[in-house]
Amino acid sequence: MPLQLDYVTPSTGATASYHVVQQVSLDYASSITNATVASYLSKDALAAGKFPMYSQQIQVAALPASGTDARAFSETELAAAAPTDGSASSYPGRYAFAGAAVVD
């Protein structure tokens, strides 16, 4: 499911509001999930076949549980708020979509 959140794209400064996890890779040796996220102006822009405004790879320092869909896991993790107990990830862009709504 896509993520909905106003996000100012670093390359242009324009705001994208609809984000789709397009690719997920799992690094079992390092226990890292890599999600490639494409950001669109809106859901309508994606439906019209427009190109993403921005694309980035975000690392999550965890793997989905056995039997869990990797894309759904990534979407949930990307929308989660950063921990406040000092254990927040230092990966670039890790919390770019924190607080996003997971939508249809």
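Tutor: What follows goes from the strand's pairing to the nonpolar cores.

This is a predicted model, in which local features need pLDDT of at least 70, side-chain atom pairs count only at pLDDT 80 or more, and totals for chains, interfaces and linings use all residues. Residues are numbered from 1 along each chain as its sequence is written, and side-chain values use heavy atoms, with hydrogens and water left out.

Strand β1 covers residues 3-8 and pairs with β2, residues 15-27, in the antiparallel sense over four bridges. Strands here are DSSP E runs of at least two residues, helices are H or I runs of at least four, both numbered from the N terminus, and two strands pair if DSSP finds at least two bridges between them. Y7 stands opposite A16 in β2. The hairpin of β1 and β2 has six residues between the strands, and in it G13 takes a positive phi near 85°. β1 also runs antiparallel to β5 (residues 101-102), joined to it by two bridges; L3 stands opposite V102 there.

L3 and Y7 both belong to the largest nonpolar core, which has 12 residues in all. Such a core is a set of buried Ala, Val, Leu, Ile, Met, Phe, Trp, Tyr and Cys residues joined through side-chain atoms within 4.5 Å, where buried means under 20% relative accessible area (1.4 Å probe, protein chains only). At least two residues of this core come from each of β1, β3 (32-40), β4 (54-60) and α2 (70-79), and α2 gives the largest share, three residues. A second, separate core of five residues includes Y18, V20, A38 and Y40.

Methods:
Buried means under 20% relative accessible area, exposed over 50%, partly exposed in between (1.4 Å probe, protein chains only).
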